Amino acid sequence: MHDPQPREETRMSAPGENLKIDGARLWASLMEMAEIGPGVAGGNNRQTLTDADAEGRALFAKWCDAAGMSMGVDTMGSMFARREGTDPDALPVYVGSHLDTQPTGGKYDGVLGVLGGLEIIRTLDDMGVKTRRPIVVVNWTNEEGTRFAPAMLASGVFAGQHDLDWAYAREDAEGKRFGDELERIGWKGEEEVGARRMHALFELHIEQGPILEAEDKEIGVVTHGQGLWWLEIRLIGKESHTGSTPMNMRVNAGLGMARITEAVHRIAMEHQPDAVGAVGQANVYPNSRNVIPGRAVFTVDIRSPEQAKLDAMREKVEAEAERIATELGLGLEIEPVGHFDPVTFDAGCVGLVRAAAERLGYSHRDIVSGAGHDACWVAGVAPTAMVMCPCKDGLSHNEAEEITQDWATKGADVLLHAVIEAAEVVS
């Protein structure tokens, strides 16, 4: 990807260590956004394509308009707020994350990346700094994947991993279709998904794990992202009375789910280091206290940054599920409902993040992202990197998720320096 070089402008040297964002303003924006879709325990419930999501989008759009940015929206509802560069033909540098949350989510997961990107624009405006390349702040639709599976849905369509019509047909637990709900909240744009070309993309995110805090590091320089398989397993047994059915005559789908859950944990432990696995979403039917479950539906989540290890874990999980189902006389169906391969982020972009942390004097370490992010899909179509800041006790996807203003500020400072290096400050 090459674009024209300017003839009259000269690129300035790397930004000085005194160039920093307004941490208090960023924090105030995070707190104001958190007022939309409040949770029941201090966090947020701003699930994708809900009325709360629409309200959060409107607030972000208002802030972008106040910053003099133009807004584009694609047919998956992703929002792209653009600050012009001095060279309108140059490929833009993108920065952002997502505003949707888990049902019992925190105030920072994803939101920090979007509002950190907005804060970069505000800071550049305050200081009168111009860049050759435009800078675009993005809010990707449905990163969480809680209401509409899979996760990172819009960025997946953008990167060519999913078909648009398939995405529109995704249904929530009430049978509502993604495409219909996007229309309902008024955020279905007209721009073709994936038509945008990027010079680079940077995403700021909380770690969602305990490593940075435990090692007293302020910045995580993300070099890789874990690959993932979500396997939905359906077990079919026979409903019967818990009190009057002899133990040796039961066909217990709940027991099968329990044994497979234990097997997933054991398989992950057998593939250490750099492998994790668990059953998160689980349901038994008819879910009555005195009925042996006749059906169990649950999702296995396995992850590793190593492709061979990820593939081996999936093979072992499926083999163990088949063995357990056969032993218990259960019917078995396994359907992959989410997947992405391990990601190696762009060395040049990662280098800009690392250099920014060093220039600013912030303690840092290389780190592998344990969670999936929109940057993982975008890495397939553009040079991409991520910045992480610590979160208290490594807790995320929980209303008790917490970070400090200092952590948020330093993460956004590093983001600022990496982004404007890529966007090329000009005099």
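**Ground rules**

I'm working with a predicted model, where local features need pLDDT of at least 70, side-chain atom pairs count only at pLDDT 80 or more, and totals for chains, interfaces and linings use all residues. I number residues from 1 along each chain as its sequence is written, and side-chain values use heavy atoms, with hydrogens and water left out.

UniProt positions are in the numbering used here, feature names are shortened, and annotations may be inferred rather than shown by experiment. I noted that residues 226-324 are 36% helix and 34% strand, with their end C-alpha atoms 28 Å apart. Helices (H or I, at least four residues) and strands (E, at least two) are DSSP runs, numbered from the N terminus.

**Cores**

Which residues have the most contacts inside the largest nonpolar core? I found F60, L115 and F202, in a core of 96 residues. Helix 12 (residues 405-423) gives this core its largest share, eleven residues. There is a second, separate core of 24 residues, which includes I233, A268, F298 and M313. A nonpolar core is a set of buried Ala, Val, Leu, Ile, Met, Phe, Trp, Tyr and Cys residues joined through side-chain atoms within 4.5 Å. Buried means under 20% relative accessible area, exposed over 50%, partly exposed in between (1.4 Å probe, protein chains only).

**Helix 2 and its cover**

I took helix 2 (residues 51-66) next: its 16 residues reach 23 Å from first C-alpha to last, close to the 22 Å expected at 1.5 Å a residue. That expected span is 1.5 Å times one less than the number of residues. Among the buried residues of helix 2 I wrote down F60, W63 and C64. Their helix is covered by, among others, helix 1 (23-34), strand 1 (70-73), strand 2 (79-83), helix 3 (111-127) and strand 5 (135-139). After helix 2 comes G68, whose phi is positive, near 80°.

Setting aside neighbours within four places in sequence, L115 contacts L26, S29, L30, M33, F60 and W63. L118 is in helix 3 and is buried at 1% relative accessible area. With the sequence neighbours up to four places away left out, L118 touches F60, W63, C64, M69 and V137.

**The binding-site entry**

Where does UniProt put the feature "binding site"? The unreviewed entry gives H98, D109 and H205. They span 108 residues in sequence, yet no two of their C-alpha atoms are more than 9.8 Å apart, so they gather at one spot.

I looked at two of them separately. D109 is in the loop between strand 3 (93-97) and helix 3, and is buried at 5% relative accessible area. H205 lies in strand 6 (residues 200-206) and is buried too, at 1%. Their side chains make a polar contact of 3.0 Å. A polar contact is a pair of N or O atoms within 3.5 Å; within protein, one must be able to donate a hydrogen and the other to accept it, and residues adjacent in sequence count only if both atoms are side-chain atoms.

Beyond four places in sequence, D109 also touches residues including H98, E144 and E401. For H205, again beyond four places, the contacts include H98, H373 and C389.

**S304**

My last stop was S304, in strand 12 (residues 295-304). Buried or exposed? S304 is buried, with a relative accessible area of 0%. A polar atom of its side chain lies 2.8 Å from the backbone oxygen of D274, and one lies 3.1 Å from the backbone nitrogen of E306. Beyond four places in sequence, the contacts of S304 include Q226, K309 and P342.

Key:
Contact means heavy atoms within 4.5 Å.
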